Amino acid sequence: MRRPLVAGNWKMNGDKKNIATLVAGLLSLKCKADVVVFPPYVYILQVLTGLSGTAVAVGAQNISEYKSGAYTGEISSEMLRDIGCQYCLVGHSERRSLYGENDRQVAKKFHQAQLAGLKPILCLGETLKQREKGKTFDLISAQIDTVLDCAGVNSLSDAIIAYEPVWAIGTGKPATIDQIQLVHQYIREKLGASGVKTRILYGGSVTPANTAELLFQADIDGVLVGGASLDIDTFNEMCQLA
Ligand code: PGA
């Protein structure tokens, strides 16, 4: 049985005061799902300190593809592990589209994270154009193959994948349940026996209105929430639905 995971990606939002409010709201959270939040780097320590002793985990929104060294401005997986992070996002579509991250870089990040003992959440998904051209499954397959090639054939068993169709992120227009379940099922089948324990999350305009239905599907093991995670009551409601 795969345990549901609810992840909140705060993106580049907030300040010290507002982050403290989010943390305070999480202190009262009681739910059966695993929960992780992804604050901006500079607030990670504040959030780790505020949430210490709770079951809510903390992660980074991005990591370096390298282990250490002369990479000015970068943050390594080992540093994040060192301060107490448990998770990181890799390959979020905003990193891919705005910063030109390609499948190979994302795969290297995934590998570095696993080597350091972080749990990477591998984000993947198609643009509207790719979907309309019927390329969704080919694209997802290639994104997964690059990770398996770089991080090892078993690197996705017991790992976390987030299917996030780019056209559904921040648009208020989530993919339909059928569209999502089809892609999740495809990923699960592609991974075969090694994908039985892989948790596959959905991300893209998730709100309390669609959380329960999403999590009811056989191959949807959790949600990656962006905008709606910035309102702590809304986020807690989604955690409780999981
Ligand atoms: P959204 O973002 O929930 O605001 O659509 C999801 C994400 O970017 O992870």
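Both faces of strand S1 are covered: Leu-5, Ala-7 and Asn-9 on one side, and Val-6 and Gly-8 on the other, are all buried. Here, buried means under 20% relative accessible area, whereas exposed means over 50% and partly exposed lies in between (1.4 Å probe, protein chains only). Strand S1 spans residues 5–9, and five of its five residues are buried. Strands (E, at least two residues) and helices (H or I, at least four) are DSSP runs, numbered from the N terminus.

This is a predicted model, in which local features need pLDDT of at least 70 and side-chain atom pairs count only at pLDDT 80 or more, while totals for chains, interfaces and linings use all residues. Residues are numbered from 1 along each chain as its sequence is written, and side-chain values use heavy atoms, with hydrogens and water left out.

**The barrel**

Eight strands form a closed barrel in the order S1-S2-S3-S4-S5-S6-S7-S8, with parallel pairing. On average, neighbouring strands of this sheet are turned by 25° against each other, direction ignored. Two strands count as paired if DSSP finds at least two bridges between them. The table lists some of these pairs.

| Strand pair | Bridges | Sense |
|---|---|---|
| S1 (residues 5–9) and S2 (residues 34–38) | five bridges | parallel |
| S1 and S8 (residues 222–225) | four bridges | parallel |
| S3 (residues 57–60) and S4 (residues 87–90) | two bridges | parallel |

Individual residues illustrate the pairing. Ala-7 has Val-36 in S2 as its bridge partner. The chain passes from S1 through helix H1 (residues 16–27) to S2, and this β-α-β crossover is right-handed. The term right-handed applies if, with the strands pointing away from the viewer, the path from the first strand over the helix to the second runs clockwise. Gly-8 stands opposite Val-225 in S8, and Ala-60 has Cys-88 in S4 as its bridge partner.

**Helices across the strands**

Helix H10 (residues 232–241) lies across S1, S2 and S8, and runs at about 160° to S1. Helix H5 (residues 103–116) lies across S4 and strand S5 (119–124), at about 160° to S5. Axes are lines fitted to C-alpha atoms, for helices over the stretch in contact, and angles run from 0 to 180 degrees between N-to-C directions. Contact means heavy atoms within 4.5 Å.

**A residue in helix H9**

Asn-210 is found in helix H9 (residues 208–216). Asn-210 counts as buried because its relative accessibility is 13%. Leaving aside residues up to four places away in sequence, Asn-210 touches Pro-174 and Ser-205.
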